[in-house]
Amino acid sequence: MIDYRMPALGADMEAGTLVEWLIHPGDKVKSGSIIAVVETQKGAIEIEVFAEGTIAEIVVPVGQRVPVGSVLARIDDGGSSPPVSAAQPEIATPIAQTAEATGKRFAPLVPPPLTVGATGTRPKVTPVARRRAAALGFDLLHVTGSGVEGSIRLADVERGAQRRAEPTRHVAGYDAAAMRAAITAAMSRSKREIPHYYLSETIELGRALAWLEASNAARAPQDRLLPAALLLKASALAVRKTPRLNGVFLDGEFKPGDGVHIGWAVSLRGGGLIAPAIREADKKSLSEIMSALRDIVERARKGGLRSSELGSATITVTSLGDRGAEAVAAIIHPPQVAIIGFGRIVTRPWVVEDKIEARPVVAATLAGDHRVTDGHIGGLLLANIRDLLQEPDNL
Amino acid sequence: MSDAAASSFLRLTYREACKQALRQALIEDPRVFLMGEDIGRYGGCYAVTKGMLEEFGEARIRDTPLAESAIVGAGIGAAIVGMRPIVEVMTCNFSLLALDQIVNNAATIPHMSGGQFAVPLVIRMATGGGRRVAAQHSHSLEGWFAHIPGLRILTPATIEDARFMLLGALRDPNPVLIFEHVMLYNVEENLDPGVCAVDIDHAKIRRAGRDVSLIAYGGGLPKALAAASLLNKEGIEAEVLDLRVLRPLDTAAILETVSRTRRCVIVDEGWRSGSISAEIGMRIAEGAFFELDAPLRRVCGREVPMPYAAHLEDACLPQPEGIAAAARELVAPS
Amino acid sequence: MSRIHLDHAHMRHLLKEMIRIRHFEAKCVELYQAQKILGFLHLYDGEEAVSVGAMQALTAEDAVIATYREHGQALARGIPPSLLMAEMLGKVEGCCRGRGGSMHFFDRGRRFYGGNAIVGGGLPLAAGVALADLMQGKKSVTVCFFGDGAVNEGEFHETLNLSMLWRLPVLFICENNLYAMGMAIERADSETHIIRHAASYGMPAEEVDGMDVVAVESAARRAAEAIRDGGGPHFLECKTYRFRAHSMFDAQAYRKKEEVEAWRKKGPIVRFQGWLQDNHLIAEAEIAAIESEVDREIADAVAFAERGALEPVEDVERFVVMKEVPA
């Protein structure tokens, strides 16, 4: 039997509120199954389980706020513990009752229902159910009714609305003030605790951008690459060669990452910053990286990020984009040990075989945790990035 | 209440409760007198008035010839002029012979006279089926009478109501018809000694519940309670509302229970079409439509002149199993 | 007092009472045809002697129950024509606030208990009123008017039986005008001598010339006195005739014009007034004066009614359920 605990979804997350269970006891799960939604100061996040088995017991009810590390559920992974009984235990109204305290009404969940009214007729809905659906802004289509003559009744609406409405409700809920507070806490802590050193390298991108243009000409519009993909891939490959910059500093010691998971910094509308991870970035193709970039930017802005994305970056890359400054001296995101920065791609005079030419260049910077690395290692990283960007074919 | 009038037994039958009510009325108010067929020497068709002729005399316990119209009409005339007659129509089946007097005189004179006269008349009638006495002796017409403005219709279903509703009726300045269900006369219950009066306006919740409201009256009340017991074993908590008064209906109580449980089964022994259950259902639709989480249901008398054979009669009347089934279907549809 | 004092005052009174009824009914016809009186209108022309004669035997403590053909009884009982006119015009000043109309006059102070549109429907009521008076120790007589048609209704028989059994102080007065709506008595009654029905219940009964106001008064006084003396119910069959149709909407296909004319010639006013004149018991000028007094009364009554107000619709349910027994 495995204890499934409240994960830390960010450096400064201390507790979270379980706002929705997406599974029932008895459901089978595997590694990567999303099993619940947790509300944090950064917004609502879906959390995954990394075990395979059957949900044995739900320990924390909907609506309850628990510290990171609290047992949320128990999963029977076929281990030495006694087997879970086959009968589905009651998720009784006590769960709904507890939720009352938070002002929300949640009911036990059911798997996605089939469409009602297969003949094309209007579904039957009881008056109070219709009223409640209207109040919740809940669409009655595709709801199976459990009432008389298959009518959709109050319980069906409350169940269905809660299941469906929750994600979008949470999306709207990036609390700017809470996020600002979180950033403040993290950055303050970083500056307080981490002795930063800074290095920079100006990298010429003529060849890289020419390659990009040619490559894009052959691609469909939605598949086209942005320079960011090249920068990210180059960073990932370079980081692989300097593993001492890829990992976390915890409990007084450096712990290397189990892969190169680039945290890509995304700024949010209305202020706020989030850096979801693109896992195994060094092993992804440019196309995959581009897709991943698009995906996480969109999901980051809509609030559909997963815990594994937020908690698992081994190093962060922050690219200011074409409206940012020329260079950035970034602040390391604890507990990581380095952060790579890219400024705006600008056209500058460049010496090519003793002649001065206008070339596109970008300022690449590294901030490193001096407790773990020194300028020598950092310099190696930047040199590697520079070299990789001169051979775009190999990215 | 005078000592003589106080019930000296705390446990009595419905029949005995009716009798004690009549005795109390006669003792307390000299204007009260009884008229009816075989209420005196015979002691009453259902033995309600047994011994009362000896106790109160012929002037106040008046045996009448078989003349329903004249008896009821005389009751109306006497009431107009200051007496408080209690007319017994042996059963509601015979009240049809007096319908003209009830509808065209008792119910209308206050209005027709522009308020010059009240008709403080009480008519008691036995009602209902279940005694294997066939079509002409088994009607449940209280719902019919509840259609007539000017009348108050009472359906005491408990011993307490049988004991005390009559006294309330006597205080009402309007004609009051009291329907005593034939299957209730032998029922025995304890009377709360602390109660000496009841209202004749409101319905009462006889069993609190959560999942469905069973709305019943008169002979249907024990059946609804029995149905609630059956449902309780299945984890369905039925609330049972005793209407007590069919006219004026306690609409507020009806809407309150249905708005809470959101499901309703109406129990009515009368024939289904155009019965009082239709009126109740319509009031729920009018006043609590948006609270409903299931269609309205009713369990009524089957539309057949009551048959004699026992199994046929039982099939024609609402029964606890049928009521429970209707409620079950609303709460946990199969 | 079974003997009548036929002094001048009384004779004038009897004549005026009958003329008032006759002129009142004529005014009703006029108003009905002008659609100011609506619904059913049953007129009393020809029967005046019965009401007027009977009322002479009653005191204020006695009670009266009549039928839908009640204008005569109501006027003879002393209900002001203005209240009756206002009632028929549907005004709130009417004796029943416009809720009853021509068929349902009630007057509490004058112990006038309707006005009943159901043939025979008033008889049980009369028994009840008499019963109550008896039980309350009063010496009142309840006079119950009804027509020959009611004699065939069950309630007639039930009530006569019950009244005799309990010796109720009821004076049953049957106005036999030979027709029950359009049904002639010989076509409807196996026994056309109505007093025999009363006799079959053991009830003292008398047949009276209903066109003779003095005869009616005389018989009524005798019967009322007997009743007051504890003689139980009595029955008078007054043979009379109605000159007008059953109601306004009646083609009278069931009787001949000649028959009506023949009866008019021996009508109660013709006979009494003629007798007074023949015997010089009344002057022409007096008759003229009576008529003009009566006409002014009726004109005032109509004016009163026309000035009257309509009951607000919001009050229509006010007396369906009484809040208390009126004191």
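At what angle do helix α4 (residues 81-88) of chain C and helix α12 (residues 284-307) of chain C pack? I started my notebook with that one.

**Ground rules.** I'm looking at a predicted model, where local features need pLDDT of at least 70, side-chain atom pairs count only at pLDDT 80 or more, and totals for chains, interfaces and linings use all residues. Residues are numbered from 1 along each chain as its sequence is written, while chains are lettered from A and ligands numbered from 1 in the order in which they are written.

**Entry 1: the helix pair.** I got an angle of about 40° for α4(C) and α12(C), with the axes 8 Å apart. The axes are lines fitted to C-alpha atoms, for helices over the stretch in contact, and angles run from 0 to 180 degrees between N-to-C directions. That makes α4(C) oblique to α12(C); under 35 degrees counts as roughly parallel, over 145 as roughly antiparallel, 65 to 115 as roughly perpendicular, and the rest as oblique. From α4(C), I noted P81(C), S82(C), M85(C) and A86(C) in the contact, and from α12(C) a list including E297(C), I298(C) and F304(C). Contact here puts C-beta atoms, placed from the backbone, within 7 Å. By class, I read 8 nonpolar, 1 polar and 2 charged residues. Ala, Val, Leu, Ile, Met, Phe, Trp, Tyr, Cys and Pro count as nonpolar, Asp, Glu, Lys and Arg as charged, and the others, Gly among them, as polar.

**Entry 2: chain A.** I found 9 helices and 19 strands in chain A, taken as DSSP runs (H or I, at least four residues, for helices; E, at least two, for strands), numbered from the N terminus. Buried residues make up 39% of its 395 residues; buried means 20 or more other C-beta atoms within 10 Å of a residue's own.

**Entry 3: cores.** I looked up the largest nonpolar core and got 215 residues, with L214(B), V265(B), A327(B), C144(C) and I173(C) having the most contacts inside it. Such a core is a set of buried Ala, Val, Leu, Ile, Met, Phe, Trp, Tyr and Cys residues joined through C-beta atoms within 7 Å. Its largest share, 10 residues, comes from helix α5 (residues 122-135) of chain C. A second, separate core has 81 residues, V19(A) and M290(A) among them.

**Entry 4: B against C.** I saw 36 residues from chain B and 36 residues from chain C in this contact. On the chain B side, α3(B) supplies the largest share, 10 residues. That side divides into 19 nonpolar, 16 polar and 1 charged.

How values were computed:
Buried ≥ 20, exposed ≤ 12 C-beta atoms within 10 Å, placed from the backbone. Contact = placed C-beta atoms within 7 Å.
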